[in-house]
Amino acid sequence: MLNRIIKYFLENRLITMLLLVLIVVWGLSTVPVDAIPDIGENQQIVATEWMGRSPKDMQEQVTYPLTTSLLGIPGVKTIRSTSMFGMSFIYIIFDDNVEFYWSRSRILEKLNSLPAGTLPTGVQPSLGPDATALGQIYWYTLEGRNPETGKPTGGWDPDELRTIQDFYAKYSISSAEGVSEVASIGGFIKEYQVDINPDAMRAFNVSIMDVMSAVQKSNLDIGAETVEINKAEYLVRGLGYIKNVSDLEEAVITVRNGVPVKIKDVAFVNLGPATRRGGLDKEGVEAVGGVVVARYGSNPMQVIENVKTKIKEMEAGLPQKTLAAQYDRKF
């Protein structure tokens, strides 16, 4: 049988060449194209955050209990872990024949069934994205550009760019086919900052926990059932979300001798940047952007094309700013 097949192709060279070309074209169109092929192990990552804790506390109270619990998952070959200040990372290596998403489901089942008291109160481990260590396929930055010349211009603060990245660009690009995660980098995350005055707190006899409780309770919407008027029901709500600095300053901490003690009486409230451990530099200038991570098993070249298409689609919705020189600045 084999000899007849070989003889047929030797005698019909035209058919052989056409079949060879067809196989080559089919292979080029279906084989994923990757600059750095992923030859790593079958690995999943479990990350746990417990801010303010030392590496020793993380190792003893988070990393060790989680590692011993995850050892019983079927197909696990080995487990490696790293404990650092406020963070714990556990790398679970599975056998090569274990399906990628099956292993993720087993890990989630184990994390959801941990006995009470295994981890400290408020600590919640999370499973990493469905990608590999070589999944970073695309980096981008947000820049203000002159629409007439197309050259980069100023006028955009790092906190403004980071806000656009976190609440618009990130979600738009995440919807591209094959994208597992978009990680933001650079800029400053805007937050409300309350700087307490110890002398004022002592004078009003309030503690830090009182101030913290007042801040938490001042940023809530409250539901209050319904009210019937003229045979119609109206929903009653207490609108309490903070919209500006003055809303937080007027929050009441306690009452002393019939006089309310407000946050502004014992602290200074302002908008400021959150503490960060790094930044993004582009040609020596502070920049804001993101890192696109491809999903496991996807074609990196195709995912890059999908990201570029999504970026073109969202360009029309990016904000614009007119500077003092009356030049229209946009992304």
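Trainee: Which residues of α3 meet which residues of α4?
Mentor: L66, S69 and L70 in α3 meet I107, K110 and L111 in α4. Keep in mind that this is a predicted model.

Trainee: How do the residues of that contact divide into nonpolar, polar and charged?
Mentor: The contact of α3 with α4 has four nonpolar residues, one polar and one charged.

Trainee: And at what angle do α3 and α4 pack?
Mentor: The angle is about 125°, and the axes of α3 and α4 are 10 Å apart.

Trainee: Left-handed or right-handed crossing?
Mentor: α3 passes α4 in a right-handed crossing.

Trainee: Staying with α3, is T63 buried or exposed?
Mentor: T63, which is found in helix α3 (residues 55–70), is buried, because its relative accessible area is 0% and the cut-off for buried is under 20%.

Trainee: What does the T63 side chain make a polar contact with?
Mentor: With the side chain of S83, at 2.7 Å.

Trainee: Which residues does T63 touch, leaving out those up to four places away in sequence?
Mentor: On that count T63 touches M58, S81, T82, S83, S88 and I90.

Trainee: How far apart are N112 and Q124 in space?
Mentor: They are 10.0 Å apart, C-alpha to C-alpha, with a separation of twelve residues in sequence.

Trainee: Another helix pair, then. At what angle do α5 and α10 pack?
Mentor: Helix α5 (residues 158–174) packs with helix α10 (residues 300–314) at about 140°, and their axes are 9 Å apart. Roughly antiparallel needs an angle over 145 degrees, so α5 and α10 are oblique to each other. Their crossing is right-handed.

Trainee: Which residues make the contact?
Mentor: On the α5 side, Y168, A169, S172 and I173; on the α10 side, V307, K310, I311 and M314. The residues of this contact divide into six nonpolar, one polar and one charged.

Trainee: Change of topic: where is E143 found?
Mentor: E143 is found in the loop between β5 (136–142) and α5.

Trainee: Does E143 count as buried or exposed?
Mentor: E143 counts as buried, because its relative accessibility is 18% and buried means under 20%.

Trainee: Which side chains does E143 join in polar contacts?
Mentor: One of them is T141, whose side chain has a polar contact of 3.1 Å with that of E143. Another is K282, with a polar contact of 2.5 Å between its side chain and that of E143.

Trainee: K282 is in which strand?
Mentor: Strand β13 covers 280–282. The loop between β13 and β14 (285–294) holds E283.

Trainee: What is the phi of E283?
Mentor: E283 has a positive phi of about 55°, although it is not a glycine. E283 is exposed, with a relative accessible area of 78%.

Trainee: And what is the phi of N205?
Mentor: N205 has a positive phi of about 55° and is not a glycine.

Trainee: Where is N205, and is it buried or exposed?
Mentor: N205 has its place in the loop between α6 (198–204) and α7 (208–217). N205 is exposed, with a relative accessible area of 59%.

How values were computed. Residues numbered from 1 in each chain as written. Predicted model: local features only at pLDDT ≥ 70, side-chain atom pairs only at ≥ 80, totals over all residues. Heavy atoms only, no water. Axes fitted to C-alpha atoms, helices over the stretch in contact; angles between N-to-C directions. Helix = DSSP H or I, 4+ residues; strand = E, 2+ residues; numbered from the N terminus. Parallel < 35°, antiparallel > 145°, perpendicular 65-115°, else oblique. Left-handed = near helix turned anticlockwise from the far one by under 90°. Contact = heavy atoms within 4.5 Å. Nonpolar A, V, L, I, M, F, W, Y, C, P; charged D, E, K, R; others polar. Buried < 20%, exposed > 50% of the residue type's maximum accessible area, 1.4 Å probe, protein only. Polar contact = N/O pair within 3.5 Å; in protein donor to acceptor, adjacent residues only side chain to side chain.
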